Amino acid sequence: MKPLQSLRGMVDLLPGQTPFWQRIEATARDHFRRAAVEEIRTPLLELTELFARGIGEATDVVGKEMYSFEDRGDRHCTLRPEGTASVVRAAIQHGLVAQGPQRLWYGGPMFRYERPQAGRQRQFHQIGLEFLGHADPRSDVEAIAIAWDLLVDLGVDGLSLELNSLGSSDDRLRYRADLVAWLEAHRERLDPDSQQRITTNPLRVLDSKNPETQDLLAGAPTLAEALSGESHERFLRVRQGLEALAIPFTLNPRLVRGLDYYGHTAFEITSSQLGAQATVCGGGRYDGLVEQLGGPPTPAVGWALGMERLVLLLNQAQQAQGAEQRPGAAPDLYVVSRGVQGEAHAMVLARRCRHRPGDPLAVQVDLSGAGVDKQLKRARRSGARWALLLGDEEAANGTVRLMPLHGEGGAGSADRLLSQAEFLALSLDQLNA
RNA sequence: GCGGGCGUCGCCAAGUGGUUAAGGCAGUGGCUUGUGGCGCCACCAUUCGGGGGUUCGAGUCCCCUCGCUCGCCCCA
């Protein structure tokens, strides 16, 4: 029988990798706590309509990337492709937005049916932040600052923050008309992809990777020129806020986000050290979404960061430092035993060590029944700091042999014969002595 | 959905038409029924992702398929 494999684009996280994930999660939690942001957890499965209405029918995410199916009650269900729509739905459903501004974060798996490549999988993980009910440009600044500080704290370098303003929906409508007219006038000189997008999503043409198209675009009307005085003023205040916090950014007038709900501030944090999928964190303002999903008019801003891409960067950073990979769950103590009495004794002592008051120890018991030298070899490889040797003699007279595993160590010279009670009473410092 | 590259043991990896599929790491057993990063010995792929074809003969050539990977599109 052939062994089964995971589904394409669905990735197992093996023990060698999980410490990176735990570190990111712990750091994120800490930053959110310090910024008074509360966690919200929503279902992985939602009605398809939520995403269709929230993200936009015409977007790629909704048009071709959703994991959708009908359940046994003929409901149209979709595995969430992003977090914002669900969070907004939950906040409306439970009256959160009616209770005043909300500062929320979430984390977990998202699903998009795309061709996997570096930094992109079908099941991937995001951590996201959503501020609901704040219109002030300072909320944009704070949201971005939290993301920036988190990434910096994780030790990721080579990051850059790119910023743009998409203006109000009126601004965009006006600009869109101007842009389409201009693009139509230059249609023959555009690459085929961009020609397509004149009708499907003209703003995206600005983002084209075709060099000739980019050259041509130098003469196109810009979004910045199309901003109303009010939008312009708002964007200025966001920029000033970031400058006041000494968070470096570059203006990118071509930055256009792919989900329909974004307006005004849009930003991405990218890394030069990733492949083609260089965006680590992306977000912006989405003032119309809450109302569009049936809630009261509520301004909002948020972002999401891609865990896999962050893990990629942390891996690279570690390799660059040549850091040695230590077992993630190395025990303090490795218990080696021999003989019927000794083995029984080992189980009892291991449990006492794990549950002793004061300094509980992380203990691994060798369960192989192999010879003592084999067990000691494994003890060393486990990364444990000490080994405990237990045989029938020790079991009979209530003693243990304690052996430090790292450091110089001559043959057998360093092990200590202790009574059980003495051993259990040793503090971590005394163990090292 | 569209391109490019790749698929030999858990991991790394030789081998490019002629059979006995190297080697290293890890693993298991032993030398050693109780003592340290070793060392030595043994075991560890009837089979080269899968299927079909060409050939006297295929891991090696051809076709199909699956998977991985990088890129496009798009996004975190």
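Biologist: Which helices and strands each supply at least two residues of the surface near RNA strand B?

Modeller: On the helix side there are α3 (60–64), α7 (192–200), α14 (372–382) and α15 (392–397), and on the strand side there are β6 (123–132), β10 (279–285), β11 (300–306) and β15 (399–404). A residue is called near when one of its heavy atoms lies within 4 Å of the molecule or strand, while helices (H or I, at least four residues) and strands (E, at least two) are DSSP runs numbered from the N terminus. This is a predicted model, in which local features need pLDDT of at least 70, side-chain atom pairs count only at pLDDT 80 or more, and totals for chains, interfaces and linings use all residues, while side-chain values use heavy atoms, with hydrogens and water left out. Residues are numbered from 1 along each chain as its sequence is written, and chains are lettered from A and ligands numbered from 1 in the order in which they are written.

Biologist: Which element gives the most to that surface?

Modeller: That is α14, which contributes seven residues to the surface near RNA strand B.

Biologist: And which residues come nearest to the RNA?

Modeller: Out of 54 residues around RNA strand B, the nearest are Arg112, Arg197, Arg204, Arg257 and Gly258.

Biologist: How many residues of that surface are nonpolar, polar or charged?

Modeller: There are 25 charged, 15 polar and 14 nonpolar residues. In this scheme Asp, Glu, Lys and Arg count as charged, Ala, Val, Leu, Ile, Met, Phe, Trp, Tyr, Cys and Pro as nonpolar, and the others, Gly among them, as polar.

Biologist: Changing topic, how is chain A divided into domains?

Modeller: Domain 1 covers 18–167 + 227–321 and domain 2 covers 333–432, with bounds from an automatic or database domain assignment. Their centres, taken over C-alpha atoms, are 49 Å apart.

Biologist: What order do the strands take in the sheet of three?

Modeller: The order is β2-β4-β3, in an open sheet with antiparallel pairing, where two strands pair if DSSP finds at least two bridges between them. Because β2 (45–47) and β3 (67–70) are at the edges and have a single partner strand each, one side of each is left without a neighbour in the sheet. From one strand to the next the twist averages 35°; axes here are lines fitted to C-alpha atoms, for helices over the stretch in contact, and angles run from 0 to 180 degrees between N-to-C directions.

Biologist: Which helix packs on that sheet?

Modeller: Helix α2 (residues 48–55) does, touching β2, β3 and β4 and making about 75° with the direction of β2, where contact means heavy atoms within 4.5 Å.

Biologist: How many bridges join β3 to β4?

Modeller: Four bridges join β3 to β4 (residues 76–79), and Ser68 is opposite Thr78 there. The hairpin of β3 and β4 has five residues between the strands, and Asp74 in that hairpin has a positive phi near 60°.

Biologist: Then what is the order in the sheet of eight strands?

Modeller: That open sheet runs β1-β5-β6-β11-β10-β9-β7-β8, with mixed pairing. As β1 and β8 stand at the edges, each with a single partner strand, one side of each is left without a neighbour in the sheet. Within the sheet, β7 (159–165) and β9 (263–271) pair in the antiparallel sense over seven bridges, and the bridge partner of Asn164 in β9 is Ala266.

Biologist: Which strands does helix α5 lie across?

Modeller: Helix α5 (residues 137–153) lies across β5, β6, β7, β9, β10 and β11, at about 15° to β11. Helix α1 lies across β1, β5 (102–111), β6 and β11, and runs at about 5° to β6.
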